[in-house]
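Visitor: Could we go through this structure together? I would like to begin with the terms and then move to the details.

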Amino acid sequence: MASKKKDIALQIIISNQEQWEESLSSKGLLVVDVYQAWCGPCKTAVSLFRKIKNELGDDLLQFAVAEADSIDALEKYRGKCEPTFLFFGGGELVAVVRGVNAPLLQKTIIDQLEAEKNVLNQGLERKVVKDEALLVEEEETSPIPAQVEDDELLPSGKSYTVAIIKPDAVAHGKADEIIMKIQEAGFEILANEEKTMTESEVRDFYQHRAGEEKFQELIQFMSSGPCHVLIISKSGEEDVIPAWREFIGPTDVEVAKTEKPESLRAQYGTEILYNAVHGSNDTEQASRELAFFFPTFKQQHQHTDESVFMSPERTLALIRPEVLRGRKDEVLQCIQEAGFSIAMQKEVMLSEQQVKEFYQEHVNEDYYPALQQQMTSGPILALALVKDNAVKLWRNALGPTKITEAINEAPDSLRARFTPSEGAINQLHGSSSPVSAEKEINFFFPVEHTLAAIKPDAMEEHRDEIMERIQGAGFTISQIKETNLSQEMAEEFYKEHKGKPFYEQLVEYMCRGPCLMMTLSKENAVQEWRSLMGPTDPTEAQTAAPDSLRSLFAKSILENAVHGASNINHATEKIQFIFGDIDLDGHISWTSNETSTQNTTKDIQQNEERNETTALPGNEEESVQDDS
Ligand code: CMP
């Protein structure tokens with residue numbers, strides 16, 4: 001039968017199944033705007049298509065409009081309010097774009113036209129895609145792996161991220177389409193669980209965003225319906241997290257649409273809160289999120305039969321006073337060269353009591369007095385080292401416990417290289433097992449609470465970005481409140497600066513508008529928050545810590561966006577000042593070597609009051625003296 005389709009200036013009009021089939025049989029790339037009878041074809045796209053057609057002037061490129069209701073093949077598109085553009089090469093579906101996203105449409109047209117020419121001219125294979133809406137046997141052919149069983153092991157040697165297809169995308173029927181795109185982009189979906197989060201689960205999951213204006217809205221949104229929680233990996237990608245974040249695009253949908261039009265958020269998000277997909281910010285967060293959604297999921301260890309939770313292993317290293325005094329940088333360099341990253345470090349002066357607690361199991365040994373003497377003779381450096389299999393690898397690097405053995409049998413080992421003299425106490429420590437490592441790390445880096453503030457000008461301009469960074473860094477926001485400081489409160493808050501030339505200006509600045517006051521909790525929170533803020537002066541921050549909050553958001557040394565307590569005592573005092581008496585459980589104070597070399601009685605009492613044991617568990621090997 002002769003075609004009834006009418007050639008108009010730009011687009012072919014396809015009105016029935018027969019015309020549909022005929023159009024698809026034509027050579028080249030066909031871009032079809034699938035529309036609903038009640039709203040008509042997309043007018044906005046026409047000028048774009050015309051521009052492209054004029055620019056390219058290519059006969060192999062054709063545009064068409066097709067009404068879903070009158071074409072059998074488009075049955076699955078009926079009733080969909082979002083504009084859909086289907087791309088056919090030689091009659092086969094090669095791409096789908098949803099929504100009028102001009103940059104994405106333009107890019108897809110150019111890319112697909114080139115691909116089709118390669119098929120026609122060079123005989124390359126056409127890359128065909130599936131739009132699940134066209135598939136009759138959608139359920140049976142779903143490529144999504146079933147939900148993983150409890151205690152299933154993730155394959156070794158791969159990195160993972162947790163992804164969420166949020167309730168907005170699921171409610172709009174986009175989940176399968178997004179999953180298809182994820183797979184087409186080369187990501188592997190290792191788990192896919194459909195889940196409706198309760199309000200309290202959302203509150204827990206997003207606790208680090210508790211301070212945000214739209215937190216309540218976020219809770220309601222995320223608990224409003226089912227979402228898909230996925231574990232994503234990518235072959236050949238050492239770290240899948242940046243690849244995934246790149247793929248989903250910027251948090252703000254508007255930014256995504258201009259800067260990354262092909263990203264998932266640009267295509268499926270509608271506004272910053274309703275941005276369709278989530279991805280972990282970093283390995284630490286991925287690990288926490290994995291544990292949150294898949295508590296029994298484990299990663300098979302690369303080199304052993306052991307299985308461990310996905311985060312890389314941590315171990316505690318100590319550099320004892322004699323070596324620390326003169327060769328600290330050398331040791332740190334060796335640590336770095338051996339591929340460990342230093343997650344936390346703290347130089348501390350231990351009291352006898354604290355040494356006793358740490359080395360509880362060794363107290364009755366002959367060498368204990370010498371060990372205690374060495375450990376209290378000056379500051380020691382405690383380091384939390386991170387690496388796959390860190391415990392074993394760090395102990396291997398250290399070499400034999402006994403110095404003479406180290407020197408004779410493993411002269412390249414760190415204990416042999418960093419020893420002051422034969423017969424001395426070895427100068428480097430490493431945890432004996434993963435369990436012991438966590439206990440020891442907790443001994444030196446207990447969960448701390450610090451006071452953080454977003455200052456008035458930053459509240460107006462950068463609040464969301466700052467909260468996002470706090471979230472990304474893994475702090476728990478234990479307390480939060482928006483406060484308008486009175487002059488008296490600001491004076492008291494900054495009483496340490498009274499008399500300094502900038503004091504009055506500082507007080508005036510802090511009273512200009514509301515501040516966001518928070519108690520942030522985390523291992524080593526005081527120091528970590530200070531690192532995240534960067535140096536007080538933004539000029540210095542820009543060179544010394546270009547990614548820090550002050551480098552990015554501070555206007556001047558005075559108007560420097562954020563505040564953080566300078567040490568644990570200040571933190572305790574300021575938290576009490578802002579939030580009143582609260583229970584800072586599990587908090588232990590160390591006397592920092594920078595401020596003092598003496599422990600206070602309070603520190604020791606706090607140490608003694610802690611419930612958990614921080615001494616090394618039975619560890620026959622861990623003798624620190626060369627008793628040869
Ligand atoms: P903050 O970390 O809150 O601690 C004290 C604040 O005083 C500091 O951030 C700045 O806002 C301000 N400040 C510190 N040094 C100076 C300075 N030299 N000139 C002006 N303001 C300063």
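Guide: A polar contact is a pair of N or O atoms within 3.5 Å; within protein, one atom must be able to donate a hydrogen and the other to accept it, and residues adjacent in sequence count only if both atoms are side-chain atoms. This is a predicted model, in which local features need pLDDT of at least 70 and side-chain atom pairs count only at pLDDT 80 or more, while totals for chains, interfaces and linings use all residues. Residues are numbered from 1 along each chain as its sequence is written, and side-chain values use heavy atoms, with hydrogens and water left out.

Visitor: How far is an oxygen atom of the ligand from an N or O atom in the side chain of Y494?

Guide: The separation is 2.4 Å. R550 also places a polar side-chain atom 2.9 Å from a ligand oxygen, and for the side chain of N560 the N or O to ligand oxygen distance is 3.0 Å. Of the 460 Å² of accessible area that the ligand has on its own, the protein covers 81%; such areas come from the Shrake-Rupley method with a 1.4 Å probe, and for residues only the protein chains shown count as cover.

Visitor: Which residues are around the ligand?

Guide: They are K455, Y494, H497, F502, L506, T536, R550, I557, L558, N560 and H563, where being near means having a heavy atom within 4 Å of the molecule. By type, the shell has five nonpolar, four polar and two charged residues. In that division Ala, Val, Leu, Ile, Met, Phe, Trp, Tyr, Cys and Pro are nonpolar, Asp, Glu, Lys and Arg are charged, and the others, Gly among them, are polar.

Visitor: Changing topic, how many helices and strands does the protein chain have?

Guide: There are 27 helices and 20 strands. These are DSSP runs numbered from the N terminus, helices being H or I with at least four residues and strands being E with at least two. The chain has 628 residues, of which 51% count as buried; buried means under 20% relative accessible area, exposed over 50%, and partly exposed in between, with a 1.4 Å probe and protein chains only.

Visitor: Which residues have the most contacts inside the largest nonpolar core?

Guide: I165, I178, I182, F187, I232, W244 and L264 do, in a core of 23 residues. At least two core residues come from each of β7 (161-165), α5 (167-171), α6 (175-184), β8 (187-195), β9 (227-234), α9 (240-248) and α11 (264-268). The greatest contribution is that of α9, with six residues. A nonpolar core here is a set of buried Ala, Val, Leu, Ile, Met, Phe, Trp, Tyr and Cys residues joined through side-chain atoms within 4.5 Å.

Visitor: And what is F187 in contact with?

Guide: Leaving aside neighbours within four places in sequence, F187 is in contact with I182, I232, S233, K234, V240, A243, W244 and F247. Contact means heavy atoms within 4.5 Å.

Visitor: Is H228 buried or exposed?

Guide: H228 is buried, since its relative accessible area is 8%. H228 belongs to strand β9, and its side chain makes a polar contact of 2.8 Å with that of N192. Beyond four places in sequence, the residues that H228 touches include A163, I164, V170 and E193.

Visitor: Where is L318?

Guide: L318 sits in strand β13 (residues 313-319) and is buried, at 0% relative accessible area.

Visitor: What about R320: where is it placed?

Guide: R320 is in the loop between β13 and α13 (321-337) and is likewise buried, with a relative accessible area of 0%. Its side chain reaches the backbone oxygen of N426 at 2.6 Å. The C-alpha atoms of R320 and P379 are 7.5 Å apart, although 59 residues separate the two along the chain.

Visitor: One last item: which residues of helix α23 are buried?

Guide: In α23 (residues 525-533), A525, V526, E528, W529, L532 and M533 are buried. After this helix comes G534, with a positive phi near 85 degrees.
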